[in-house]
Number of protein chains: 2
Amino acid sequence: MRENYVDFENEMNELLSNKNYERIRELMEETPPADAAEYLEEQPIKTVLMLMKVLPKDIMADIFSYFESDVQENIFKNASEAEIVSILEELSTDDAADALSELPANFVRRILKYADAETRGRINSFLNYPEKSVGSIMTSEYTSLKSNMTVAEAIEYIRRVAPDKETVYTCYVLGYRRKLIGVVELKEILSCRDDLETVENLMETNIVKVYTRDDRQEAARLTKKYDINALPVVDSEEKLVGIVTVDDVVDVIEEEATKDIQQMAAIAHVETPYLKTSVFSLVKARIPWLLVLMFAGMLNGIILGRYEAAISALPIFVTFMPMLTGTGGNSGSQTTATVIRAISLDELEIRDSLKVMWKEIRVALTIGIVFGLLNFARIYFFSDDPDKIIIGVVLGISMIFTIIMAKSLGAVLPLLAKKIKLDPAVVASPMITTIVDVVSLAFYFSLAMIMLSHRL
Amino acid sequence: MRENYVDFENEMNELLSNKNYERIRELMEETPPADAAEYLEEQPIKTVLMLMKVLPKDIMADIFSYFESDVQENIFKNASEAEIVSILEELSTDDAADALSELPANFVRRILKYADAETRGRINSFLNYPEKSVGSIMTSEYTSLKSNMTVAEAIEYIRRVAPDKETVYTCYVLGYRRKLIGVVELKEILSCRDDLETVENLMETNIVKVYTRDDRQEAARLTKKYDINALPVVDSEEKLVGIVTVDDVVDVIEEEATKDIQQMAAIAHVETPYLKTSVFSLVKARIPWLLVLMFAGMLNGIILGRYEAAISALPIFVTFMPMLTGTGGNSGSQTTATVIRAISLDELEIRDSLKVMWKEIRVALTIGIVFGLLNFARIYFFSDDPDKIIIGVVLGISMIFTIIMAKSLGAVLPLLAKKIKLDPAVVASPMITTIVDVVSLAFYFSLAMIMLSHRL
């Protein structure tokens, strides 16, 4: 689909230099707003502000909702209050609140003063929902029906209100005091060939819904599980206040996967795209965990210090250290990553802990024995040390021990974290690798000192 | 939403033991199929097969499409051919092909012989698309319109065909020989108040589409970028052959994130949920990378062997090894994970390589200097070795070197992998950690031997 984009880019460049605004308006109307946004993000802010005046408001708002947040911010800082408000009024409430949420509070207050009371109220209530809550990603432009409407009336009503709604494909049936009493797919309404049938008889009353203060991941989980296009959001009194559409859920799913990956790599969560993140922000996101892990590594050094005699007398054991700790770390990471991902995908619950442990121990035993034997064989056949059998046994046993320990810790720690309501990803690979380092090296050198005491 | 599920579970248990099939049928009709599937997966296969006979076919097919693939397989192996075919005919083509794709080829042939020619042809063509292609996830139950239909005719037509279509919300306009010439949202059609307006004037001709053999990630990318509900799929002659709906894209996005995470943790891709994966499959997925990395670790040991003299004479340096390699590995992982994720999210292209390198070098220099100074200070203030200044300098410089090297490699290797069309995730953290181990230890001990030659 890129061939069209290049044509569009060339034509826009030419039209802009010729100031042919009429054709620009036409072209923008035909172009997917995501493409228009991509193009405008590369242009000077002056050009964007100028086009805001030339283009119809609804098209400009559409494009605006696809801008990266730093571009949105830049526009807000450079446009007049009236221009900003006219865009805000066209945006769906969640997009408007999203764009404003990054700005300083008094700046937002100043802008909202220019908006009409209804827009101000709507946006304000959205700005008040906690950051990762369902409320913060929902939109209030849903379509509601009455239960006593007939199919013909419902279709007529939907046709009238469609232009102003985010979606008309799933409709919500409201009862007394806007309580949500049913959900009906437009497809069901259209499929019904009896124009006098009532909405009440078509609607689903077994409603899958979320509450405004639920975590947005709950909305993602339900949307995936039930293949829902638009999930209703109710307040504590079961009144319908908004919907979460599947395109917002897609963003949540991606962001959560990114967060998991970042935590597995010992990075604090960064929301901005990589190329737009400053060096300072990157350092800030990376240094805390690196420091914690380095201090843990120092502790490791102190423990290793107790074995200095063994190290001097048996330097051959040092040469196997990186392989041993490396294999331990990798074995642990394999298990932790698997378990954390399974928890994120709702495939694992705390009550499965024993099953997980039992499975991981069998996997670890299998891998451990293979690796232990390989290491013993390698030393037995290739070393010329007089104690090569003992050295091989020490290394082989340490290998088995390390893999079993690494995989057990890797399984149990994320589940434990979830149990005490921590994010399982905080005990991810780097943390487990560091613990595995300490325990496996202490085991390895202790065993070496016992088995080769005659050489100390 | 779980409170309802528990009620449902209890009621079903009771109804099943009372053999009250009439009420079971009613209850299943009211329950979301995802919940019914969850319940039935826990029941003996006999119960499921018995319900297949009792429940209406469309409801059973709906539930069937939510079963895990091992349950689907189990049903196929135990039901009669006629029963299987009646389910297959009700399933959308992609779900049917999906369910069959895991079964032995001659078993599939035998079942399809019982299906009518049309169903057999549809399913067979789907089974022939490559595994990760758009063709393998698309569905052929789309709604097509003619460009000369009026709004009133289009609505009438949609109402007639809606029951058989996966979605009617996005409609596709076909020209001569089924060529895709336009896309129109049902919302646009309904919003148009002029019943005599033609579809031609409402449809979008700037079409975002994919080809059957495109990678399914391309479908995911376009769906996200353009917020599309159903993406049209065309063959090499631009004829419409199917659509990819957003719920299938959600699954692709999650599976791809899982694959990234697995590769970052040195695991081969496993598709089955963790609890259903056998110990043998887990071992098979984990052992290859562990072996490769262990052999790399052995190489590391051989290189370290060259420094045995230094190790015996200066055991204090060994105690810092885990911290040095640990910090190096973690620094590298941070960068690789960031870069790989940014590539997956289309935030980074190969042409950005220089920008990435320059950014990472500055980040690494900042972190490296902080960590180098910390380590020097720690030895200077807490060690009582007569050469503590030299030791501190060796450790500090090695730390700076290691972090810069780790972050540079972490940035450049995934981009290089992408450049030569490998999956960037194959050069993920464990691989980089192993390389960083080798290079940093060689640097560290060489520097130690040069600076402290008087003690060797």
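In this predicted model, the centres of domain 1 of chain A and domain 2 of chain A, taken over C-alpha atoms, are separated by 29 Å. The domain assignment places domain 1 at residues 2-128, domain 2 at 143-254 and domain 3 at 274-455 of chain A. Chain B superposes on chain A through a rotation of 180 degrees with 0.1 Å of shift along its axis, at an RMSD of 0.1 Å. This is therefore the relation of a two-fold axis.

**Relation and contact of the two chains**

- B:Ser312 comes closest to the rotation axis among the residues of chain B, with its C-alpha at 2.0 Å.
- The contact between the chains involves 92 residues of chain B and 92 residues of chain A.
- On the side of chain B that touches chain A, 50 residues are nonpolar, 23 are polar and 19 are charged.
- The copies meet through the same surface, because 100% of the interface residues of chain B are also interface residues in chain A.

**Nonpolar cores**

- The largest nonpolar core comprises 200 residues, and A:Val244 and B:Val244 have the most contacts inside it.
- Helix α22 of chain B, residues 388-419, gives the most to this core, contributing 14 residues.
- Apart from this core lies another one of 30 residues, which includes A:Ala37, A:Met52, A:Tyr66 and A:Val71.
- When neighbours within four places in sequence are left aside, the contacts of A:Val244 are A:Val134, A:Ile137, A:Met138, A:Ala219, A:Ala230, A:Leu231, A:Val233 and A:Val249.

**The open sheet of chain A**

- Strands of a sheet pair through backbone hydrogen bonds, in either a parallel or an antiparallel sense.
- In chain A, three strands form an open sheet with mixed pairing, in the order β4-β5-β6.
- Strands β4 (210-211) and β6 (240-245) of chain A stand at the edges with a single partner strand each, so one side of each has no neighbour in the sheet.
- Strand β5 of chain A, residues 230-234, runs antiparallel to β6(A), and five bridges join the two.
- Within this pairing, A:Ala230 has A:Thr245 in β6(A) as its bridge partner; A:Ala230 is also one of the residues in contact with A:Val244.

- Strand β2 (residues 170-174) and strand β3 (residues 180-185) of chain B pair in the antiparallel sense over five bridges.
- B:Val173 has B:Gly182 in β3(B) as its bridge partner.
- Five residues lie between the strands of this hairpin, in which B:Arg177 takes a positive phi near 55 degrees.
- B:Arg178 belongs to the loop between β2 and β3 of chain B, and its phi is near 60 degrees, a positive value in a residue other than glycine.
- B:Arg178 counts as partly exposed because 16 C-beta neighbours lie inside 10 Å, a number between the limits of 12 or fewer for exposed and 20 or more for buried.

**A positive phi in chain A**

- A:Lys19 is not a glycine, yet has a positive phi of about 55 degrees.
- The location of A:Lys19 is the loop between α1 (2-18) and α2 (21-30) of chain A.
- With 10 other C-beta atoms within 10 Å, A:Lys19 is exposed, because the limit for that class is 12 or fewer.

Methods: Residues are numbered from 1 along each chain as its sequence is written. Chains are lettered from A and ligands numbered from 1 in the order in which they are written. This is a predicted model: local features need pLDDT of at least 70, side-chain atom pairs count only at pLDDT 80 or more; totals for chains, interfaces and linings use all residues. A nonpolar core is a set of buried Ala, Val, Leu, Ile, Met, Phe, Trp, Tyr and Cys residues joined through C-beta atoms within 7 Å. Helices (H or I, at least four residues) and strands (E, at least two) are DSSP runs, numbered from the N terminus. Two residues are in contact if their C-beta atoms, placed from the backbone, lie within 7 Å. Domain bounds come from an automatic or database domain assignment. Copies are superposed by least squares on the C-alpha atoms of residues with pLDDT of at least 70 in both. Two strands pair if DSSP finds at least two bridges between them. Ala, Val, Leu, Ile, Met, Phe, Trp, Tyr, Cys and Pro count as nonpolar, Asp, Glu, Lys and Arg as charged, and the others, Gly among them, as polar.
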